[in-house]
Amino acid sequence: MFGRKKTDEEKAAAKRLSRIRAAAAAAGVTVIGEKFHQAGQAPIPVEGSRVTIELGETARKRITATRVALTGIFALWLKKDEQKLYITIEHPDGVILYPVAAKKEPQARVFATMVNGEATGVE
């Protein structure tokens with residue numbers, strides 16, 4: 001009638017994306033369409049992304065390549081807020097950094113597991 005029927009793979013991908021969207025919203029991450037979005041940064045695709053989480057207290061002790069890539073030489077002088085949680089989403093097309101409240105750690109870990117799950121075999 002109005003289109004073709006979705007294959008089982010397409011249905012599974014749509015269901016996975018829907019779950020990731022819900023988990024992302026709970027963690028404070030924006031997903032529009034099939035891409036992660038952050039103001040002032042280029043959107044990156046959900047598919048093929050890898051999520052890492054750092055607490056402000058541990059992140060403060062080291063300078064990451066992501067931080068240098070986002071802020072340049074100023075990364076040496078920038079301090080990270082210890083009351084925040086830093087969600088880093090990496091993809092071959094780019095990197096996005098989300099600072100969120102540390103109280104959202106459980107939601108952020110669920111989100112990271114859902115995005116990274118395909119690579120680790122966890123659903």
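Colleague: In which sense do β5 and β6 pair, and over how many bridges?

Modeller: β5 and β6 pair in the antiparallel sense over 8 bridges, where two strands are said to pair if DSSP finds at least two bridges between them. This is a predicted model, in which local features need pLDDT of at least 70 and side-chain atom pairs count only at pLDDT 80 or more, while totals for chains, interfaces and linings use all residues. Residues are numbered from 1 along each chain as its sequence is written, and side-chain values use heavy atoms, with hydrogens and water left out.

Colleague: How many residues lie between β5 and β6 in their hairpin?

Modeller: The hairpin of β5 and β6 has 2 residues between the strands, and T88 has L97 in β6 as its bridge partner.

Colleague: Which other strand pairs with β5?

Modeller: β4 pairs with β5, again in the antiparallel sense, over 6 bridges, and I53 has I87 in β5 as its bridge partner.

Colleague: What about the largest nonpolar core, how many residues has it got?

Modeller: That core has 22 residues, and those with the most contacts inside it are V29, F36, V51, I87, I89, Y98 and F111. A nonpolar core is a set of buried Ala, Val, Leu, Ile, Met, Phe, Trp, Tyr and Cys residues joined through side-chain atoms within 4.5 Å. The elements that give two or more residues to this core are α1 (8-27), β4 (50-55), β5 (84-91), β6 (94-101) and α4 (105-120).

Colleague: Which element gives the most to this core?

Modeller: α1 does, with 5 residues.

Colleague: What is I89 in contact with?

Modeller: If we leave aside neighbours within four places in sequence, the residues in contact with I89 include V29, F36, V51, Y98 and F111, where contact means heavy atoms within 4.5 Å.

Colleague: How many aromatic pairs are there?

Modeller: The count comes to 1 aromatic pair. The rings of F36 and F111 have centres 5.8 Å apart and planes at 85°, so this pair is edge-to-face. Rings of Phe, Tyr and Trp (its six-membered ring) pair if their centres lie within 6.5 Å, with planes under 30 degrees apart counted as stacked, over 60 as edge-to-face and the rest as tilted. The pair links distant parts of the chain, since F36 is in strand β2 (residues 35-38) and F111 is in helix α4, 75 residues apart. Both F36 and F111 are buried.

Colleague: Which strand is β2 joined to?

Modeller: 3 bridges join β2 to strand β3 (residues 41-45), and the two run antiparallel. K35 stands opposite P45 in β3. There are 2 residues between β2 and β3 in their hairpin, and G40 in the turn has a positive phi of about 80°.

Colleague: Going back to helix α4, is N116 buried or exposed?

Modeller: N116, which is in helix α4, counts as buried because its relative accessibility is 11%. The side chains of N116 and R50 are joined by a polar contact of 3.5 Å. A polar contact is a pair of N or O atoms within 3.5 Å, and within protein one must be able to donate a hydrogen and the other to accept it, while residues adjacent in sequence count only if both atoms are side-chain atoms.

Colleague: Which residues does M114 contact?

Modeller: M114 is also placed in helix α4, and, leaving aside neighbours within four places in sequence, M114 is in contact with R16, R19, I20 and A23. M114 and R16 are 98 residues apart in sequence, yet their C-alpha atoms are 8.3 Å apart in space. M114 is partly exposed, with a relative accessible area of 26%.

How values were computed
Buried means under 20% relative accessible area, exposed over 50%, partly exposed in between (1.4 Å probe, protein chains only). Helices (H or I, at least four residues) and strands (E, at least two) are DSSP runs, numbered from the N terminus.
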